[in-house]
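Student: I am new to this structure. Please take me to its nonpolar core and look closely at that part.

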Amino acid sequence: MLCPVDDAQLTLASFGGHRIHRCPQCLGVSLSGSLLPELRAHVALQLHQQRDSAGVQPCPVDGQAMKPIDYQGVAMCACRQCLGLWLEAGQFSRLLELVEPPRQADLSNIGQCVPGSSSSSSIDGLGDILEFASDVFDVLGNFTD
Ligand SMILES: [Zn+2]
Ligand SMILES: [Zn+2]
């Protein structure tokens, strides 16, 4: 697999148990389309909306022209054929900040035992999650009093 920017051979790296390909030269990152389900849905929608826009770089997987899109302010290119993504190094670290779960607690279980937490489906962004987490801990604290 070759870097779409400088044709360097991409090397295999690991990210959260998934395998990604990274360019040793420009540090760009190639993500498979199946890596992050939420991101993939967003990418598919954006690709659909920009059906007529021109491609910018060839997909490292299948050579199709990838389209420039953004996900919560992170710029990337997406391949219509395999939904693979290409991110510059700086954009990849911004994406990691968006998708990496908070380290303080596993929120996936806590949310289910809090009364009236139906608004949790509208949560997006780490700031909101942390704010939600502190609410949860307030509630849990009340239970133990
Ligand atoms: Zn490169
Ligand atoms: Zn592709």
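To get my bearings, what pattern does the chain follow, read along the sequence? And which residues of the largest nonpolar core touch the most other members?

Tutor: Bear in mind that this is a predicted model. Start with the pattern. Along the sequence, the chain runs β-β-β-α-β-β-β-β-α-α-α. That makes four helices and seven strands. The chain has 145 residues, and 21% of them are buried. Now take contacts with a separation of 6 or more. Residues 24 or more positions apart account for 38% of these.

Next, the core itself. The largest nonpolar core has 19 residues. Met66, Met76, Cys77, Ala78, Leu85, Trp86 and Leu87 touch the most other members. Which elements build this core? Those giving two or more residues are S3, helix H1 (37-49), strand S5 (65-71), strand S6 (74-79), strand S7 (85-87) and helix H2 (89-99). Strand S6 gives the largest share, with five residues.

Ala78 is then in contact with Val43, Leu47, Met66, Lys67, Ile69, Leu83 and Leu85.

Now set the core against a record. An unreviewed UniProt entry carries the annotation "domain: Transcription factor zinc-finger", and this covers residues 59-97. Within residues 59-97, the chain is 41% strand and 23% helix.

Asp7 lies in the segment before strand S1 (11-15). Its phi is near 65°, a positive value in a residue other than glycine. Is Asp7 buried or exposed? Asp7 counts as exposed, because it has 11 C-beta neighbours inside 10 Å, and the cut-off for exposed is 12 or fewer.

Leu27 sits in the loop between strand S2 (18-22) and strand S3 (29-31). Phi of Leu27 is near 65° too, again positive in a residue other than glycine. Leu27 has 14 other C-beta atoms within 10 Å, so it is partly exposed.

Conventions:
Residues numbered from 1 in each chain as written. Chains lettered and ligands numbered in written order. Predicted model: local features only at pLDDT ≥ 70, side-chain atom pairs only at ≥ 80, totals over all residues. Buried ≥ 20, exposed ≤ 12 C-beta atoms within 10 Å, placed from the backbone. Contact = placed C-beta atoms within 7 Å. UniProt positions renumbered as here; feature names shortened; annotations may be inferred. Core = buried A, V, L, I, M, F, W, Y, C linked by C-beta atoms within 7 Å. Lists of a residue's contacts leave out its neighbours within four places in sequence.
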